[in-house]
Amino acid sequence: MSDLLEQPKAETKPLSGAGKSYGIPMSVLAEITHRCPLQCPYCSNPVELDRANAELTTDEWKRVISEMADMGVLQIHFSGGEPTARRDLAELIRHATEVGLYSNLITSAVLLTRDRLAELSDAGLSHVQISFQGSEAQLADRVGGYRGGHGKKLEAARWTRELGLPLTINAVMHRQNLHQLPEIIEMAVALDAERLEVANVQYYGWALKNRAALMPTEEQVDWTTQIVEEARERLHGILAIDYVIPDYYALQPKKCMGGWGQQFFNISPSGKVLPCHAAESITGLQFDSIRDHSLAWIWENSPALNLYRGTDWMPEPCRSCALKEEDFGGCRCQAFALTGNASATDPACSFSPFHEKIFRAAKTEAEGSDQFIYRNFKGGTPEANRS
């Protein structure tokens, strides 16, 4: 995903559990809840969500935030689900500010009011990232499964800039909304955003269930690339544009999260420490919890975090590849989802024995159904679970 801001480099330190030297964790994605009023068909949360009664308490989150600062973490990204569903969000942001962390709110914004956003700003919030499902309400609300959501997002984006907070627009793109990309770019400019993330859906978790309805055509990907390149040149100094193409159309896998367990980790609502937000999709792995160990102990000693660190674990052709220190084998979650083996070469790589088969399947599915499978589908027009 492109949910995280650009990271500065840091000095490395030894990891006692692995006997190696890796970068300290630069940023943490704090998924403080899985509750969310939207039901996006590409949702990156696990198919099996943590229930509200399993979530870390306010005091547990404050303790772990302090531990992040002690470890040298620089940024915390409050996410979900929908993080504003937590009533203690301002308290958590205030604590992050007090211990010196840069805080980013990753939100759908549909639950925000101006007063609530002002409260978060007063608590020290550093940045706001709002997700958009399209450039106009009819399509955007259908994708998100939340009537009136697009208008709420526009309001929240304007409040963000009125309060003097930096704004990133995260536009999750797929076959059914890519045609609106030029309008989305202009919308980001009109909202005075500093950054736009043109993030094509990545296919694991819930998105994999909806792959046939989301996969873009090869022509769409080529057109999108051209639109982004033209906009970057035209809007240089006005709007920074990040661009993530679907792995299915890549020749080399992405350096997923900076490498498994090397620069980043994610904390689930129930306290599990993960190398990425989708890691629980790899069945059979056991992830340590901050309820059982300190964060520093987990970072250095967790068997799951150490499992795919570095390059020693790699099979061929990764082991002999000249690019193995650049992409670190790609995405383990995608390898597991598409091959059943998390240690396999990421099928996004052109050297994977699965690459051509996967690519052909993608092109076939790009002509498939436009019907979404929603998490809380109730028949007719989908309505979100608002409880």
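**Labels and their grounds**

Analyst: One aromatic cluster is made up of W260, Y308 and W313. The model is predicted.

User: Why is the pair of Y308 and W313 called edge-to-face?

Analyst: The ring centres of Y308 and W313 are 5.1 Å apart and their planes stand at 80°. Centres within 6.5 Å make a pair, and planes over 60 degrees apart make it edge-to-face. So the pair of Y308 and W313 is edge-to-face. Both Y308 and W313 are buried.

User: What makes the pair of F265 and W299 tilted?

Analyst: Its planes are at 45°, with 5.7 Å centre to centre. Stacked needs under 30 degrees and edge-to-face over 60, so the rest count as tilted. F265 belongs to strand β10 (residues 264-267) and W299 to helix α10 (residues 295-301), so the pair ties together parts 34 residues apart in sequence. F265 and W299 are both buried. In total the structure holds five aromatic pairs.

User: What sits over the ring of W299?

Analyst: The charged end of R309, 4.6 Å from the ring centre. The distance limit is 6 Å.

User: Which residues touch the most other members of the largest nonpolar core?

Analyst: M68, F78, I169, L196, I267 and L295, in a core of 86 residues. Beyond four places in sequence, L196 touches I169, A171, I184, I185, A188, L239, A240, I241 and D242. There is also a second, separate core of 21 residues, with F264, A278, A304 and Y308 among its members.

User: Why is H150 called buried?

Analyst: Its relative accessible area is 5%. Buried means under 20%, so H150 qualifies. H150 is found in helix α5 (residues 149-162). Leaving aside neighbours within four places, its contacts are F132, G134, S135, E136, A137, A140, D141 and M187.

User: How do you know whether T84 is buried or exposed?

Analyst: By its relative accessibility of 5%, T84 counts as buried. T84 lies in the loop between β4 (75-79) and α2 (89-98). Its side chain makes a polar contact of 2.6 Å with that of E82.

User: What makes E91 and K62 a salt bridge?

Analyst: N and O of the two side chains are 3.1 Å apart. The limit is 4 Å, so the pair of E91 and K62 counts. The bridge links distant parts of the chain: E91 is in helix α2 and K62 in helix α1 (residues 58-71), 29 residues apart. E91 has 35% relative accessibility and counts as partly exposed. K62, at 22%, is partly exposed as well.

User: How do you know that E119 and R116 form a salt bridge?

Analyst: Their closest N and O atoms are 3.7 Å apart. E119 and R116 are three residues apart in helix α3 (residues 114-122), so about one helical turn separates them. E119 is partly exposed at 38%, whereas R116 counts as buried at 18%.

User: Which peptide bonds are cis?

Analyst: One joins G80 and G81, with omega about 15°. G81 lies in the loop between β4 and α2. Another joins E316 and P317, with omega about 5°. P317 is in the loop between α11 (303-307) and α12 (324-327).

User: What is noted about phi of D192 and M257?

Analyst: Phi of D192 is near 65°, a positive value in a residue other than glycine. M257 is not a glycine either, and its phi is about 55°. Most residues other than glycine have a negative phi. D192 is partly exposed at 42%, while M257 is buried at 14%.

How values were computed:
Residues are numbered from 1 along each chain as its sequence is written. This is a predicted model: local features need pLDDT of at least 70, side-chain atom pairs count only at pLDDT 80 or more; totals for chains, interfaces and linings use all residues. Side-chain values use heavy atoms; hydrogens and water are left out. A nonpolar core is a set of buried Ala, Val, Leu, Ile, Met, Phe, Trp, Tyr and Cys residues joined through side-chain atoms within 4.5 Å. Buried means under 20% relative accessible area, exposed over 50%, partly exposed in between (1.4 Å probe, protein chains only). Contact means heavy atoms within 4.5 Å. Rings of Phe, Tyr and Trp (its six-membered ring) pair if their centres lie within 6.5 Å; planes under 30 degrees apart count as stacked, over 60 as edge-to-face and the rest as tilted. Helices (H or I, at least four residues) and strands (E, at least two) are DSSP runs, numbered from the N terminus. A charge sits over a ring if NZ of Lys or CZ of Arg is within 6 Å of the ring centre and within 35 degrees of the ring normal. A polar contact is a pair of N or O atoms within 3.5 Å; within protein, one must be able to donate a hydrogen and the other to accept it, and residues adjacent in sequence count only if both atoms are side-chain atoms.
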